[in-house]
Amino acid sequence: MKAYLTRAYMFSASHRLHCVDFSPEKNVEVYGKCNNPHGHGHNYRIEVTVAGQVDPKLGMICDLGELDTFVQNEILERYGLANLNTFPEFKDVVPTTENLSVEIFNRIRSGFNPAQVTKVRIQETAMNSFEYSGGAALRN
Amino acid sequence: MVYLTRKAEFSAAHYYHNPQWSAEENQRVFGKCANLNGHGHNYTLEVTVKGEPETKSGFVIDLKELKAIMQREVIEVMDHRMLNKEVPEFATAIPTTENLAIAIWKRLEGKLKIAKLHRIRVYETPDLFVDFYGEP
């Protein structure tokens with residue numbers, strides 16, 4: 001039986017939305033307050049969905065502890081209480097939450113083997129959330 | 001196609017134990033969850049059904065009917081119960097959130113008259129939930 005397990009995590013980080021190809025005026029026009037050179041921050045809630053067959057011996061898709069450890073080591077420790085603009089992956093890519101969700105999805109997809117990640121959802125604020133499922137259509 | 005979701009809550013106890021393993025192996029794999037005295041959760045269940053709204057009533061399903069089926073098939077069976085000992089499915093399967101979602105799907109599938117069951121979502125905590133779509 002195939003099931004989907006979603007686990008939520010939280011980290012806080014700062015970022016600045018700024019595109020080097022835009023003029024200063026254009027950056028302000030496009031990004032508004034988010035272009036503040038000093039940056040600003042969010043408490044990001046990350047929901048990671050993994051899918052797979054339920055292992056009858058475990059009753060689980062995968063060992064939840066392994067998923068927690070992977071996300072803790074590879075995502076939360078990397079981005080928690082950091083400035084997203086300082087990472088190589090956001091040197092030429094604006095650290096919008098769209099791009100952050102793609103980056104986090106790809107890191108889990110390539111590094112976590114016990115189950116396959118099928119979606120990353122990031123709640124940037126109570127009003128904004130972003131979902132990426134590796135190009136596949138989102139499942140209702 | 002319109003999708004409709006009805007929510008319900010129940011509280012239950014469980015523990016994780018695979019009888020084919022030694023006590024040490026159960027402890028190693030399941031950690032605190034292997035404590036045979038059990039522990040509990042406030043579960044939230046979301047049942048999503050899909051269908052075309054009926055022309056006259058405008059309903060995909062009569063919510064009273066869905067509520068009654070969920071009450072009878074799930075809440076009365078699982079609320080304030082020890083899942084391992086009091087719910088038949090878990091005499092053989094470990095009552096993980098995955099297996100709870102599958103068991104609830106099987107209990108509800110076939111009970112709906114007009115709408116089709118789409119998804120069972122079971123929250124074990126606000127930060128952990130499982131979705132099951134009836135896939136093999």
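How do the residues lining the second largest pocket divide by class into nonpolar, polar and charged? I started my notes there, keeping in mind that this is a predicted model.

**Second largest pocket**

I got 10 nonpolar, 6 polar and 3 charged residues for this lining. The volume comes out at about 270 Å³. I then looked up who sits closest to the centre: of the 19 lining residues, they are Met60(A), Leu64(A), Gly65(A), Tyr16(B) and Cys33(B). Chain A supplies helix H2 (64–79), while chain B supplies helix H1 (23–30), strand E2 (39–51) and helix H4 (97–108).

**Largest pocket**

Next I went to the largest pocket, with a volume of about 430 Å³. I found 23 residues in its lining, and Thr49(A), Lys119(A), Arg139(A), Asp131(B) and Tyr133(B) are the ones nearest the centre. Two or more lining residues come from each of strands E1 (2–15), E2 (40–53) and E4 (116–123) in chain A, and from each of strands E4 (116–125) and E5 (128–132) in chain B. I wrote down E4(A) as the giver of the largest share, with 4 residues. By class, I have 10 charged, 8 nonpolar and 5 polar residues in this lining.

Neighbours within four places in sequence aside, Ile104(A) contacts Phe11(A), Ile46(A), Ile75(A), Tyr79(A), Val120(A) and Ile122(A).

**Ser129(A)**

My last stop was Ser129(A), in strand E5 (residues 129–132) of chain A. Is Ser129(A) buried, exposed or partly exposed? I put Ser129(A) down as partly exposed because its relative accessible area is 35%, and that class runs between the 20% and 50% cut-offs. Beyond four places in sequence, Ser129(A) touches Arg121(A), Ile122(A) and Gln123(A). With Arg121(A) there is also a side-chain to side-chain polar contact of 3.3 Å. I checked one C-alpha separation too: Ser129(A) and Val50(A) are 79 residues apart along the chain, and their C-alpha atoms are separated by 19 Å.

Note on methods
Residues are numbered from 1 along each chain as its sequence is written. Chains are lettered from A and ligands numbered from 1 in the order in which they are written. This is a predicted model: local features need pLDDT of at least 70, side-chain atom pairs count only at pLDDT 80 or more; totals for chains, interfaces and linings use all residues. Side-chain values use heavy atoms; hydrogens and water are left out. Buried means under 20% relative accessible area, exposed over 50%, partly exposed in between (1.4 Å probe, protein chains only). Contact means heavy atoms within 4.5 Å. A polar contact is a pair of N or O atoms within 3.5 Å; within protein, one must be able to donate a hydrogen and the other to accept it, and residues adjacent in sequence count only if both atoms are side-chain atoms. On a 1 Å grid over the protein atoms alone, a cavity is a set of points where a 1.4 Å probe fits but cannot get out, and a pocket is an open set with protein on both sides within 12 Å along at least five of seven lines; lining residues have an atom within 4 Å of a point. Grid points are joined across faces, edges and corners, and a volume is the space filled by probe spheres set on the points. Ala, Val, Leu, Ile, Met, Phe, Trp, Tyr, Cys and Pro count as nonpolar, Asp, Glu, Lys and Arg as charged, and the others, Gly among them, as polar.
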